[in-house]
Amino acid sequence: MVQYNFKKMTVVPCGKDFIDIILSRTQRQTPTVVHKGYAINRLRQFYMRKVKYTQTNFHEKLSTIIDEFPRLDDIHPFYGDLLHVLYNKDHYKLALGQINTARNLVSKIAKDYVKLLKYGDSLYRCKSLKVAALGRMCTVIKRIGPSLAYLEQIRQHMARLPSIDPNTRTILICGYPNVGKSSFINKITRADVDVQPYAFTTKSLFVGHTDYKYLRYQVIDTPGILDRPFEDRNIIEMCSITALAHLRAAVLFFLDISGSCGYSIAQQAALFHSIKSLFMNKPLIIVCNKTDLQPLEGISEEDMKLVTEMKAEAMKTVIGQGGEATNDDGVLLTMSTLTEEGVISVKNAACERLLNQRVELKMKSKKINDCLNRFHVAMPKPRDQKERPPCIPHAVLEAKAKQAAEKKKRTTEKDLENENGGAGVYSASLKKNYILANDEWKEDIMPEILDGHNVFDFVDPDILNRLEELDREEGYTQAEETDDFEMDGMELTPEEQKALAEIRQKKSLLIQQHRIKKSTAESRPTVPRKFDKDREFTSKRMGRQLSALGIDPAMAINRARSRSVSRRGRKRERSLDKGDTDGAGVVDMDVDTPKKKLHVMSRPHSRSRSRPPTDVVPGEGFKDSSQKSKALDKARKSVKNRNKNARRGEADRVIPNLKPKHLFSGKRSNGKTQRR
């Protein structure tokens, strides 16, 4: 169970928000109506209550901040040093000290002004003392604004820290940058640590969890460490040093024997010897990674000597009887995270070493004596040299034999297949389940053709009679369905037969085209005429078709051409009456005609053809104009309420908040609406 959870810490407001929260609460939670005609004692109590309530709220808020932030001296040394590395414990303690000082100052200010309010002799003087008290409290909070902002940043960063339990079973991975530490933790846990082919991809501690022998193990991936003096190491490296120094864990020191990380084996061995003091009393395993690029046996003698020295140092951490190393199994291991060869064996070795160490430490502790006093293990000893085999009754043996016979395995098709050559050789027989009068007939071969005839045609003795009846029924049906207008080709002359064949062929083509268009109508887009690249819909084609039907196409072609002329830039002309196609009704401009009459006759064509909204246009779906006017009235009435409520449409169901709580809650004076 994790003991330190920094994610539940309360948000620290900035100085201005802090003041707004407290003064707003004071205004809402205390009486606001007072008159100068009240007794002086009542006036004093009114303003003393406001000062005390404000001081109480400030005290509670500041106390919450001080209590929720961890004290570095009271928490585990791992978290204490980690917070010191990340935030500098001097600045951290100064910020919390300023918060504590501000809390004491606010309490002192409230105490002093409550004393002064006891001697207030008027409403004006009491109110002035209250304003001065609240003002001095707010000034104190404003002065600690930078400390509040600093603590809020620390709180946000601490909430993002991984939840590490310092007391549980832990496996710690360390080594140079880019040696495969993050790839290993991704393989054995469900953690998703970023892996990149450059150094210092991991910049903080990452935690994953794995299981071994039904126990949960905590795996920590640390940032890479460089071989340089302690003072020159940065914050990223110090996170790893802190984890190595304070966590009681099994340490996996990763060694890149291929050199692809950018550091030689000599540099990695130097780092190992510089931090080996941090490995004391911890199970240590040297893991040679990237064996897919360079096997351990293929390195040079100098590098092998360095690896052997590191193995000798790791042997000192093996806890055996009397503090001496018992064996070298699980001290130097090889693996490749790319091919996953040896990954599970490294994990199992680390978990086993850590588990053995924890058990031995518990056995050496003082508490184990108290526990052992409560146990008594009875070990039976032989009283003589006589053999005493187990005695099983004969009835029980018979019952077991009978039960074993009943449980004899039934032979299945799979067993038969395995016995007769396996898949591809054995073919299951489908005839063995036939229900026949004689079981010997099951494997008989049934001929399909006999004496030139199909055998299945003669299975039914009445097959020929039924076929004749079926032909007769089809003949009757065809005779009934024959159209009266259908012509028989034998009654026509050769010319008529040729024309009939052409008609039928054209009819079949039209049917096929219609079916193709119908099948692709949904997926075929509507193409405008101007994009008709194949020129299928032209006036010439229309003229040919109309001429073939015996219709004069001149008027239709002229109408199509007149409607296709662009109207852009064309002057408006007066349209002729429908009856004046020959020009007889055109107004002669030389005749002295009154101006009013000319104006009436020269109305635009679009205005002269406008119609009232109740007129029925074909295709609208109305029977007459009265039905259309009723439908329009209903439509107007249906949207009246929606327009009155300023709705966008039928789906607009927004409920406006006409009186927001933060503007209308609490008590307010008759004058201005300012809260304070």
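A salt bridge is taken here as a side-chain nitrogen of Lys or Arg within 4 Å of a carboxyl oxygen of Asp or Glu. The model is a predicted one, in which local features need pLDDT of at least 70 and side-chain atom pairs count only at pLDDT 80 or more, while totals for chains, interfaces and linings use all residues. Residues are numbered from 1 along each chain as its sequence is written, and side-chain values use heavy atoms, with hydrogens and water left out.

By this rule there are 16 salt bridges, including the following.

| Pair | N to O distance |
|---|---|
| Lysine 628 and glutamate 620 | 2.8 Å |
| Glutamate 152 and arginine 155 | 2.9 Å |
| Lysine 213 and glutamate 352 | 3.0 Å |

Lysine 213, in the loop between β2 (206–212) and β3 (215–221), and glutamate 352, in helix α11 (residues 343–364), link distant parts of the chain, being 139 residues apart. Helices (H or I, at least four residues) and strands (E, at least two) are DSSP runs, numbered from the N terminus.

Glutamate 152 and arginine 155 are three residues apart in helix α6 (residues 145–159) and are therefore separated by about one helical turn.

Burial is judged by relative accessible area, with buried meaning under 20%, exposed over 50% and partly exposed in between (1.4 Å probe, protein chains only). Glutamate 152 is buried at 12%, and arginine 155 is likewise buried at 12%. Lysine 628 is buried because its relative accessible area is 9%, whereas glutamate 620 is partly exposed at 37%. Glutamate 352 counts as partly exposed, with a relative accessibility of 23%.
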